[in-house]
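Biologist: Please bring up the model, and let us work through it by question and answer.

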Amino acid sequence: MEGLPTQLKRVPPPARPGRSTEPRDVQWAIEHWYRNSWGKDCIPFLDTFDFSPMRGDWGHRFLICGGAAVEQSVFVTYGSKFAQLLGLPARAVTKTPFIRQIHEPYRDIFIEGYKQARTASAPIILEGTFDMAPEFEFEAVFMPIMLEPHWSKQLILGSFDFHAADIAFVSPRRAAAG
């Protein structure tokens, strides 16, 4: 997808100087996915995946169910912060394809993340800025969960968040003094 405003990374982004040390939901979701995996490059099974830490609130996390066609995949559930961020209803609409529910500026991120996660055996991390608002950085992760070994459908667990970009500011007074 030419012009897609994302970068694909297979490892969590490194901590950046000046960035908050508060753990991000994306990192928590990745660590939780790995705790439920049974080995390196192995996709966790739904039967053994522990969703209990998310019972209270899914936060920025979401769960999609579908097959190869993004247009036929639906949200199973998502957190209140995710819904608020993307302007979605408080409860997931499970009868409408998820991609039709996501507003245009975010659609390419979710299409790419979903497609990559369908064939991956590790978390797919996308991060970058938005073309229409470069002052905001986004972080997203898409991780497969297997329903049954030979089924064409699978689950995609993910997390999505964006925040104001960390911009280093040096006051003119401090710059002149140094």
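Biologist: Leaving aside its neighbours within four places in sequence, which residues is asparagine 36 in contact with?

Modeller: This is a predicted model, in which local features need pLDDT of at least 70, side-chain atom pairs count only at pLDDT 80 or more, and totals for chains, interfaces and linings use all residues. Residues are numbered from 1 along each chain as its sequence is written, and side-chain values use heavy atoms, with hydrogens and water left out. Contact means heavy atoms within 4.5 Å, and, once the neighbours within four places in sequence are set aside, the residues that asparagine 36 touches are Pro44, Thr48, Phe49 and Asp50.

Biologist: How far apart in space are asparagine 36 and threonine 48, C-alpha to C-alpha?

Modeller: Asparagine 36 belongs to helix α1, where helices (H or I, at least four residues) and strands (E, at least two) are DSSP runs numbered from the N terminus. Along the sequence, threonine 48 is twelve residues from asparagine 36, and in space their C-alpha atoms are separated by 7.2 Å.

Biologist: Is asparagine 36 buried or exposed?

Modeller: The side chain of asparagine 36 reaches the backbone oxygen of histidine 32 at 2.8 Å, a polar contact being a pair of N or O atoms within 3.5 Å, where within protein one must be able to donate a hydrogen and the other to accept it, and residues adjacent in sequence count only if both atoms are side-chain atoms. Buried means under 20% relative accessible area, exposed over 50% and partly exposed in between (1.4 Å probe, protein chains only). With a relative accessible area of 10%, asparagine 36 is therefore buried.

Biologist: Where do the buried residues of α1 fall, seen down its axis?

Modeller: The buried residues of α1 are Asp25, Val26, Ala29, Ile30, His32, Trp33 and Asn36. Their arc, taken from the directions from the helix axis to the C-beta atoms, is within 165°, so the buried residues of α1 line one face of the helix.

Biologist: How many aromatic pairs are there?

Modeller: Rings of Phe, Tyr and Trp (its six-membered ring) pair if their centres lie within 6.5 Å, and planes under 30 degrees apart count as stacked, over 60 as edge-to-face and the rest as tilted. By this rule the number of aromatic pairs is 20.

Biologist: What are the centre distance and plane angle of phenylalanine 75 and phenylalanine 82?

Modeller: Among the pairs, tryptophan 33 and tyrosine 34 are edge-to-face, at 5.1 Å centre to centre and 80° between the planes; tryptophan 33 is buried at 0%, whereas tyrosine 34 is partly exposed at 44%. Phenylalanine 75 and phenylalanine 82 also form an edge-to-face pair, and its values are 5.8 Å and 75°.

Biologist: What share of the residues of the protein chain counts as buried?

Modeller: The secondary structure of the protein chain comes to five helices and six strands, which run β-α-β-β-α-α-α-β-β-β-α from the N terminus on. Of its 178 residues, the share that counts as buried is 46%.
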